[in-house]
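Subject: Structure handover

Hello,

I am passing on the structure we spoke about. Please have it open while you read the notes below.

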Amino acid sequence: MSDTSIDDTALATRAGFGSRVGRLVVGGLVATVGTVVVTTLAAAAMEALGVDFRVEGGEVIPVSGIGLQAGVWSLVGVVIAAALLRWSGRPADHFLRTAVVLTALSLVPPVLWGSGTDTVVGLVVLHLVAAAVMVPALTRLLRRVSGPS
């Protein structure tokens, strides 16, 4: 038996993983764009209804800043999903649990720093909107690219 067959097998395994990560990343980027759009539109609608997104210290979070934050944290979710795809036997299940915990933790800062009830409720709703778009999308993608558990 030659060493080439072992090297070929290892290379094929790495290529298969790269393809799965590639599909996850492309799908994750599409979901990120969707999350940014939906979250920005929701923030704009809330602002039109009078929510000012004023936080402790009097600073107002602009709608564009809300969209930017949704995008950044969605990309963090894609990185977490890719890491779980690489190092977990059940990446979709582990991602879902991780995302639920992180979403719950993300609700703490708006409660602590929002200067009014409308701001607190608005920011909490926006966190949940972003999670409602991104978490199911990445969970489905992980199930699709990881194959049967």
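Predicted model: local features only at pLDDT ≥ 70, side-chain atom pairs only at ≥ 80, totals over all residues.

Salt bridges

The count of salt bridges comes to three. As background, side chains of opposite charge can pair when their charged atoms come close.

Two of the bridges involve aspartate 93. Its side chain meets that of arginine 90 at 2.9 Å, N to O, and that of arginine 143 at 3.2 Å, N to O. Aspartate 93 belongs to helix α3 (residues 91–106) and arginine 143 to helix α5 (residues 117–146), so this pair ties together parts that are 50 residues apart in sequence. Taken together, Arg90, Asp93 and Arg143 form a network of salt bridges.

As for accessibility, arginine 90 has a relative accessible area of 41% and counts as partly exposed. Arginine 143 is also partly exposed, with 42%.

The remaining bridge joins the side chains of arginine 54 and aspartate 52, with an N to O distance of 3.4 Å. Arginine 54 is partly exposed at 33% relative accessible area, and aspartate 52 is partly exposed at 27%.

A buried residue

Is threonine 39 buried or exposed? Its relative accessible area is 2%, which is under the 20% cut-off, so threonine 39 counts as buried. Threonine 39 sits in helix α1, which covers residues 3–48.

Which residues is threonine 39 in contact with, leaving aside its neighbours within four places in sequence? They are Ile66, Ala70, Leu126, Val129 and Ala130. Of the helices already named, α5 runs over residues 117–146, while helix α2 runs over residues 63–87. You can find the contacts of threonine 39 by selecting that residue in your viewer and looking for Ile66 and Leu126, among others.

A surface patch

Leucine 68 is found in helix α2. With a relative accessible area of 54%, leucine 68 is over the 50% cut-off and therefore counts as exposed. Leucine 68 is one of the residues of a nonpolar surface patch, together with Val72, Trp73 and Val76. The area of this patch is about 390 Å².

To recap, the points to look at are the network of Arg90, Asp93 and Arg143, the buried threonine 39, and the nonpolar patch that includes leucine 68.

Regards

Key:
Residues numbered from 1 in each chain as written. Heavy atoms only, no water. Patch = residues over 30% accessible without salt bridge, like charges linked within 9 Å, V, L, I, M, F, W, Y side chains within 5 Å. Areas by Shrake-Rupley, 256 points an atom, 1.4 Å probe, with all protein chains shown as cover. Salt bridge = Lys/Arg side-chain N within 4 Å of Asp/Glu carboxyl O. Helix = DSSP H or I, 4+ residues; strand = E, 2+ residues; numbered from the N terminus. Buried < 20%, exposed > 50% of the residue type's maximum accessible area, 1.4 Å probe, protein only. Contact = heavy atoms within 4.5 Å.
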